[in-house]
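The following paragraphs are meant to be read with the sequence and the coordinates open side by side.

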Amino acid sequence: MENAVDALKLAFAVFVFVIALALAVSVVGQARATSDIILSLNDRTNYYDYVEQSDNNANEKDRIVDFETILPTIYRYAKEQYAVTILDEEGIPIVRYDLYTEGFMGDWDKILKKQQIASIDNKTDSQYEEIAKRIKIVDNFIYKELKKSENPIMDSLKKGDLYKGKNINNATIHSVAPWMGNPDTDTIYRIQADLGESGTTYERNGVIYEGKNLSSKYKDSKFKEKFLEVQTSGTTVIEPDENSNIEYSLETVKGNKKLEIIYILQK
């Protein structure tokens, strides 16, 4: 009889334990679901309404942000495949993060020469036109907003001011994106170089990229935040240069919309 009572006690104890375990799992699951909801509600990017490429959201109420607010956006640009352009108050690009244009930088001088020859021969260089078409949409958007610097990004690309570095002989290279070897990791080093103190650099494959010293220059600055969607189409392949030890990425554009995030420095 005592054995039967002990067995019942043991069974009851196991039953209580199972109920307690199930309750604990349920509580943990509900807590996680609640935390996900709270985090989602606190993420403003879940509620952004992006404008179409033919529209200008200048009439919308602009969001003014500080530099710290921009940082998470910069760090996600390569993984989430959008572009970020930071402009000064005159509309001149301070820095641009965009795998698409960065992917062409190793051959940018050659692309410009091909375009010049094509223009002389009254032909169209498709590689240049594909880049120019997309950049022109963004440039037009910026011009409508500021009425200054009609082609800010394209002019900076042509002048070699937007992406610039040095080789091992300390000679200036105006068209370079050494971080393009692995966009998922090397782009982070490039961003860290931009956020570091003056003189912070990132070196890869014999090319030295000097950072923009963004954190020190703009830590107390305010920026107007603008959004633009650009329709993309076709497929673009960045081939490695046989005469260079710099690796280039393979980028495929599948006819979708590309988000452009633009920050304009406020006086």
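Which residue forms a salt bridge with K114? In this model, which is a predicted one, the partner of K114 is D125, and the closest N and O atoms of the two are 3.7 Å apart. The pair links distant parts of the chain, since K114 belongs to helix 5 (residues 108-120) while D125 sits in the loop between helix 5 and helix 6, 11 residues apart.

The protein contains 9 helices and 9 strands, and of its 267 residues 41% are buried. Its accessible surface comes to about 15500 Å², and 52% of that area belongs to carbon and sulfur atoms. When contacts between residues at least 6 apart in sequence are considered, 64% of them join residues at least 24 apart.

A search of the whole structure finds 12 salt bridges, and one of these is formed by the side chains of K148 and E90, at 3.5 Å from N to O.

The salt bridge between D194 and R190, whose side chains meet at 3.1 Å from N to O, has another setting. These residues are 4 apart in helix 8, and therefore about one helical turn separates them. D194 counts as buried at 0% relative accessibility, and R190 likewise has 0% relative accessibility and counts as buried. Elsewhere, salt bridges that share partners join R96, D98, K258 and E260 into one network.

Four strands form an open sheet in the order 5-4-7-6, with antiparallel pairing. Strand 5 (172-173) and strand 6 (201-204) stand at the edges, and because each has a single partner strand, one side of each is left without a neighbour in the sheet. The partner of strand 6 is strand 7 (residues 207-210), and the two pair in the antiparallel sense over 4 bridges; as one point to locate on the model, T201 has E210 of strand 7 as its bridge partner. Helix 8 (residues 186-195) packs on this sheet, where it touches strand 6 and strand 7, and its direction makes about 150 degrees with that of strand 6.

A last stop is helix 2 (residues 67-75), in which F67, I70, T73 and I74 are buried. Seen down the axis of helix 2, the buried residues fall within an arc of 105 degrees, which means that they line one face of the helix.

Key: Residues numbered from 1 in each chain as written. Predicted model: local features only at pLDDT ≥ 70, side-chain atom pairs only at ≥ 80, totals over all residues. Heavy atoms only, no water. Buried < 20%, exposed > 50% of the residue type's maximum accessible area, 1.4 Å probe, protein only. Contact = heavy atoms within 4.5 Å. Areas by Shrake-Rupley, 256 points an atom, 1.4 Å probe, with all protein chains shown as cover. Pairing = 2+ DSSP bridges. Axes fitted to C-alpha atoms, helices over the stretch in contact; angles between N-to-C directions. Salt bridge = Lys/Arg side-chain N within 4 Å of Asp/Glu carboxyl O. Arc of directions from axis to C-beta.
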